[in-house]
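This report walks through one structure, taking its pocket, its sheets and its ring contacts in turn. Please keep the sequence and the coordinates in view while reading.

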Amino acid sequence: MPDSRRIVILISGRGSNMQSFIDAVAEGTLDAEITLVLSNNPNAAGLERAEEAGITTACIDHRLYSSREAFDADLLNTVNAAEPELVLLAGFMRILTPVFIQPFAGRLLNIHPSLLPKYRGLHTHQRALDAGDREAGVTVHFVTPELDGGPPVLQARVPIKTGDDADSLAARVLEQEHKIYPLVANWFLAGRLTHQGSKVLLDGQAVPDQGLDYQTLGPDQLR
Ligand code: GRF
């Protein structure tokens with residue numbers, strides 16, 4: 001049986017969310033073992049950060065594959081070999097097919113920098129600014145084959161301030177990302193968070209359709 005604390009993190013870039021997991025494990029706020037950090041991009045800066053932290057890394061370069069399904073099949077084999085209880089997409093910039101998603105249904109999470117269901121896909125901060133929104137935020141959600149469409153677990157909101165551009169807004173949202181993603185992983189690994197069918201439950205209570213709101217969590221939910 002796999003150790004129930006084992007996590008695998010998939011990245012494509014700088015890996016600041018991955019670093020937030022490394023830090024949370026080191027600080028003792030996340031009871032987990034990061035067994036593998038995998039990137040589709042050989043130049044992802046996050047790979048170096050993971051290696052510096054003594055974590056096993058792997059790279060599967062999507063450019064060497066003729067189809068998404070063939071890439072996903074190899075990804076599945078490599079991730080399975082690490083025997084994760086939970087798989088975390090953290091800035092993983094590939095669209096995954098059911099070849100990868102189905103075997104991990106209910107134990108695959110993503111972080112998306114918008115208040116879903118608003119702004120699926122790319123350039124979320126610019127789109128929020130262009131729309132004249134007064135707030136932006138981030139959502140951690142379970143992954144289904146629908147892109148950025150799986151059920152939300154937790155959202156954090158930030159104000160949009162006068163003079164913001166996409167970079168300043170992204171930085172404000174990123175601070176929240178680093179708080180909420182390790183928290184959701186901790187809930188899952190502690191057996192408190194489940195996703196079955198279309199239902200997401202935390203501590204036996206149904207999570208609202210848009211996810212819980214980080215700012216209104218009670219003390220029991222903040223750990
Ligand atoms: C984050 O904004 C995340 O929400 C999005 O991609 C970005 C990844 O950043 N999915 P990092 O690689 O974790 O620093």
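Which helices and strands each supply at least two residues of the lining of the largest pocket?

## The largest pocket

In this predicted model, the elements that each supply at least two residues of that lining are α1, β5 (108-112), α5 (124-130) and α6. Helix α6 gives the most to the lining of the largest pocket, its share being five residues.

The volume of the largest pocket is about 990 Å³. It is lined by 38 residues, of which G91, F92, M93, I111 and P113 are the closest to the pocket centre. Sorted by class, the lining of the largest pocket comprises 17 nonpolar, 15 polar and six charged residues.

## The eight-stranded sheet

Eight strands make up an open sheet with mixed pairing, and their order across the sheet is β3-β2-β1-β4-β5-β6-β7-β11. The edge positions are held by β3 (57-59) and β11 (212-213), and because each has a single partner strand, one side of each is left without a neighbour in the sheet.

At the β3 end, strand β2 (residues 33-39) runs parallel to β3, and three bridges join the two. Within this part of the sheet, L38 has A58 in β3 as its bridge partner.

The antiparallel pairing of β8 with strand β9 (residues 199-202) extends over four bridges, and H195 stands opposite V200 in β9.

The loop between β10 and β11 contains P208. Is P208 buried, partly exposed or exposed? With a relative accessible area of 41%, P208 is partly exposed, since a residue counts as buried under 20% and as exposed over 50%. P208 and P152 are separated by 56 residues in sequence, while their C-alpha atoms are 8.2 Å apart in space.

## Aromatic pairs and a charge over a ring

How many aromatic pairs does the structure hold? There are four aromatic pairs in the structure, and one of them joins F21 and Y181 in an edge-to-face arrangement, with 5.0 Å from centre to centre and 65° between the planes. Because F21 belongs to helix α1 (residues 16-27) and Y181 to helix α6 (residues 166-189), this pair ties together parts that are 160 residues apart in sequence. Both F21 and Y181 are buried.

Another aromatic pair, formed by F100 and F104, is tilted, with its ring centres 5.0 Å apart and an angle of 45° between the planes. The relative accessible area of F100 is 0%, so F100 is buried, and F104 likewise counts as buried because its relative accessibility is 0%.

A charged side chain also meets a ring in this model: R94 lies over the face of F71, at 5.9 Å from the ring centre.

Note on methods
Residues numbered from 1 in each chain as written. Predicted model: local features only at pLDDT ≥ 70, side-chain atom pairs only at ≥ 80, totals over all residues. Heavy atoms only, no water. Phe/Tyr/Trp six-rings, centres within 6.5 Å; stacked < 30°, edge-to-face > 60°. Buried < 20%, exposed > 50% of the residue type's maximum accessible area, 1.4 Å probe, protein only. Lys NZ or Arg CZ within 6 Å of the ring centre and 35° of its normal. Pairing = 2+ DSSP bridges. 1 Å grid on protein atoms, 1.4 Å probe; cavity = no way out; pocket = protein on both sides within 12 Å on 5 of 7 lines; lining within 4 Å. Points joined across faces, edges and corners; volume = space filled by probe spheres on them. Nonpolar A, V, L, I, M, F, W, Y, C, P; charged D, E, K, R; others polar.
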